[in-house]
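Dear colleague,

Here is the structure I promised to hand over to you.

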Amino acid sequence: MCSWCYGFGLELSTALAQRPGVRLEIVTGGLRAGGTEVLDDAGKRFRLFHWAKVEAATGLPFNRDALMARQGFVYDTEPVCRAVVAARLAEPGADLLAVFRALQKAFYADGLDTTDAAVLLNVVDQALRIQGFAAEGLEECFQAEATRQATHEEFAQVRHWGISSFPALLGWESGRVTRLVDGFAKAPAVVAAIDQWTHQVRVGSRGSLPTESVE
């Protein structure tokens, strides 16, 4: 849920449209998950500074007024990460990137409170229904202790990979991961990174950072 991740979502969607054979899995990183500090005016202005950079790089909209007007806002990303995990568990066949981007748009462009469970469930429900899924049992899945545990296990997996900044795009093959993109990148660079990695896989030059599966 960092602003550069919001910008990267568009670039990643564009890149994957050019490489339809690539299968994407989203692993939530938990940036600022469990936060308890209220976002004050200084913290809001700091974020607006970065928002302007993302907006200039991508053209994506940002609702600055909504952020500045929100009072007592605690920027905890655990609920929105859990909403992504719940969407995956409730509808394994769904396009999770589309759900992820809908949640990002809800916060950055629509100015909604993505720490509010009702808001999250409504956004995810709509994103799934657009894809033709009924999203039955979504609320129960979101609130389930097993979903909370699965979300925190993803946070731990990301830390295990040594990822401390976002976005990060990894290549996964035969139980090994390779870092393809660290930070924001435009779609052509993402496509080039994917192509280079898939070529290396074909010729037998496997990735680094061996780890267990997150399936």
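A search of the whole structure finds zero disulfides, a disulfide being a pair of cysteine sulfur atoms within 2.5 Å. C81, for instance, is in no disulfide, and the nearest cysteine sulfur, which belongs to C5, is 9.5 Å away. C81 counts as buried at 8% relative accessibility, and C2 is buried as well, with a relative accessible area of 10%; here buried means under 20% relative accessible area, exposed means over 50%, and partly exposed is in between, with a 1.4 Å probe and protein chains only.

Before going on, please keep in mind that this is a predicted model, in which local features need pLDDT of at least 70 and side-chain atom pairs count only at pLDDT 80 or more, while totals for chains, interfaces and linings use all residues. Residues are numbered from 1 along each chain as its sequence is written, and side-chain values use heavy atoms, with hydrogens and water left out.

Helices and strands come next. Both are DSSP runs numbered from the N terminus, with helices being H or I over at least four residues and strands being E over at least two. Helix α1, at residues 3-18, has 16 residues and reaches 24 Å from its first C-alpha to its last, close to the 22 Å expected at 1.5 Å a residue; the expected span is 1.5 Å times one less than the number of residues in the helix. The buried residues of α1 are S3, C5, Y6, G7, F8, G9, E11, L12, A15 and L16, and what covers them includes α2 (41-58), α5, β1, β2 and α9.

Helix α6, residues 117-130, has 14 residues and reaches 20 Å from its first C-alpha to its last, close to the expected 20 Å. At the start of α6, a side-chain oxygen of D116 reaches to within 2.8 Å of the backbone nitrogen of A118. In α6, the residues L120, L121, V123, V124, D125, A127 and L128 are buried, and their cover includes α4 (78-90), α5 (96-108) and α7 (138-143). After α6 comes G132, whose phi is positive, near 95 degrees.

R82 is found in helix α4 and counts as buried at 5% relative accessibility. Leaving out residues up to four places away in sequence, R82 touches F142, Q143, T147, R148 and T151. C141 has its place in helix α7 and is buried, with a relative accessible area of 15%. With residues up to four places away in sequence again not counted, C141 touches A86, L89, A90 and T147; C141 and R88 are 53 residues apart in sequence and 9.9 Å apart in space, C-alpha to C-alpha. F155, in helix α8 (residues 145-160), is buried with a relative accessible area of 4%. Its contacts, not counting residues up to four places away in sequence, are T28, G29, G30, A33, E78 and C81, and the C-alpha atoms of F155 and E78, which are 77 residues apart along the chain, are separated by 9.7 Å.

Some backbone angles also deserve a careful look. Most residues other than glycine have a negative phi, and most peptide bonds are trans. A135, in the loop between α6 and α7, has a positive phi of about 60 degrees although it is not a glycine, and A135 counts as buried at 6% relative accessibility. S174, in the loop between β1 and β2, is a residue other than glycine with a positive phi, near 50 degrees, and S174 counts as exposed at 53% relative accessibility. A cis peptide bond, with omega about 0 degrees, joins F166 and P167, and P167 is found in the loop between α8 and β1.

With best wishes

Methods: Contact = heavy atoms within 4.5 Å. Polar contact = N/O pair within 3.5 Å; in protein donor to acceptor, adjacent residues only side chain to side chain.
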